[in-house]
Amino acid sequence: MTPTASHAAPCAIPGTPLAEARSGIDACVHCGFCLQACPTYVNLEDENDSPRGRILLMRALVEGTLPLDDESVQTHLDRCLGCRACETVCPSGVPYGHLLEAARATLGEQRRLPFVARAILRTFATPWMLRAAMAAGRALRATGIPALLSRLGGRLGFSMAMLASTRVPVSRRAYTARGTGERGSVALLTGCVMEGLYSDTNRATERTLTTNDYRMVEARGQRCCGALHAHAGDLDTARDLARVNIAAFERAGADHICSNAAGCGAMMKEYGQLLADDPAWAERAARLSARVRDVSELLAAAGPKRGAPLRERVTYDAPCHLLHAQRVATPPLEVLRAIPELELVPLQDAEYCCGAAGIFNLVEPDTSNAVLAPKLQHIRETRAALVATGNPGCLMQIGAGLRRAGQDAHSVHPVDLLDASYAAADGRVR
């Protein structure tokens, strides 16, 4: 049962991240609007696996009615995807995503993360390890082995399917991107997985922005955005990475900072909140966050320009951290609708999480698979050949699911489709 506790009870764990987030806990009025928006509640049908239930568990930790080492509390918080769909429907403005990170940070003082999670987080925070991991991934992908092993059961088979799905499924010829640069300068967050496994999409991002009259500049010295670390409760590492990126993008001096990965963009837009208590960085973080835009926002602001026809049947799945965290809904659809003759078909429950959630699909595979299953069925019903989504985790999760289910469809970033349209027009757009 979810515990109940008085709002007036004293704080039993003063000074912890969760205790400092008490005002967010108190904002919850337990109305239940979040229940049907929560993929884990819908699939697991347990109140403790809902935002309302988890907030009550957080309150119990703060007020001392449950101990920090309570295994059931840890289980229910670990099962949360952090998709933040509850925030979109919440009438009280509860900052659930920040509460979840604070709760995990507080629990992290009492226990160690699973080995897989620790290894992944350390890799993403260490540049040479990240470069080595991505190089190994590309080399393994080139052998074709992941495609062969993708039907195996368990984490190994799903991991191989994820890697196999990182090949961009649209072909295009080379073209020279031309633009006036009159819309201002843009520095791209190249990202970890995006540059490591989706470098073609990064180059497509640069070309489509240039074609739409932005001027690209390089931000040297940038690192991982810190999103995975923050979501896992490692707020100290997330802050360290944020400071490095703030300095790097300040040096670049661009008018806009662009992300083509929804989770990374959401993280950078919240650097101001992450470093709000750091006197030396708070203002700098807030100024940088105000300049961050998803690539679809920049392209939609420019039109975007139309290229050559692409005769493809496409459906769009909204990345959670684009729709719910950044509240960006229509720009990706505007990008797709700018492609002549592309047939865009609606996807039922496109606003629901696919189950990727950073490294969630690797550390909580059963819950992740339960969330993914209805998504795959809805995709099947669209009869679309391509599923467009703007986040690497979603691209791999959906791509792997489609591959393992034997569905004749592939995941693709919306920018890759626009770039293919421009390529077919040989860069001559209007």
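**Reading this model, feature by feature**

Q: Hello! Which residue lies over the face of Trp281, and at what distance from the ring centre?

A: A charge sits over a ring if NZ of Lys or CZ of Arg is within 6 Å of the ring centre and within 35 degrees of the ring normal. Here Arg284 lies over the face of Trp281, at 4.1 Å from the ring centre. Bear in mind that this is a predicted model, where local features need pLDDT of at least 70, side-chain atom pairs count only at pLDDT 80 or more, and totals for chains, interfaces and linings use all residues. Residues are numbered from 1 along each chain as its sequence is written, and side-chain values use heavy atoms, with hydrogens and water left out.

Q: How many aromatic pairs are there?

A: Rings of Phe, Tyr and Trp (its six-membered ring) pair if their centres lie within 6.5 Å; planes under 30 degrees apart count as stacked, over 60 as edge-to-face and the rest as tilted. By this rule the model has zero aromatic pairs.

Q: In what order do the four strands of the open sheet run?

A: Helices (H or I, at least four residues) and strands (E, at least two) are DSSP runs, numbered from the N terminus. Two strands pair if DSSP finds at least two bridges between them. The order here is β2-β1-β3-β4, with parallel pairing. At the edges are β2 (215–217) and β4 (292–294), each pairing on one side only. On average, neighbouring strands of this sheet are turned by 40 degrees against each other, direction ignored. Strand β3 (residues 256–259) pairs with β4 over three bridges, and Ser259 has Asp294 of β4 as its bridge partner.

Q: Which strands does helix α13 lie across?

A: Axes are lines fitted to C-alpha atoms, for helices over the stretch in contact (heavy atoms within 4.5 Å), and angles run from 0 to 180 degrees between N-to-C directions. Helix α13 (residues 199–211) lies across β1 (185–188), β2 and β3, and runs at about 175 degrees to β1.

Q: Which residues of α8 are buried?

A: Buried means under 20% relative accessible area, exposed over 50%, partly exposed in between (1.4 Å probe, protein chains only). In α8, the buried residues are Ala117, Ile120, Leu121, Thr123, Phe124 and Ala125. An α-helix has 3.6 residues a turn, so residues three or four places apart point the same way. The buried residues of α8 pack against α9 (127–143), α12 (193–197), α14 (227–232), α15 (235–252) and α22 (360–363).

Q: How many disulfides does a search of the whole structure find?

A: A disulfide is a pair of cysteine sulfur atoms within 2.5 Å. The search finds zero. For Cys224, the nearest cysteine sulfur is that of Cys192, 3.8 Å away; Cys224 is buried at 5% relative accessibility. For Cys258, the nearest cysteine sulfur belongs to Cys264, 11 Å away, and Cys258 is buried at 0%.

Q: Where is the cis peptide bond that involves Pro304?

A: That bond joins Gly303 and Pro304, with omega about -15 degrees. Pro304 is in the loop between α19 (295–301) and β5 (313–316).

Q: What is the phi of Glu341, and what is that of Asp349?

A: Neither is a glycine, yet phi is positive: about 65 degrees for Glu341 and about 55 degrees for Asp349. Glu341 is in the loop between α21 (331–337) and β6 (343–345) and is partly exposed, at 48%. Asp349 is in the loop between β6 and α22, and counts as partly exposed at 29%.
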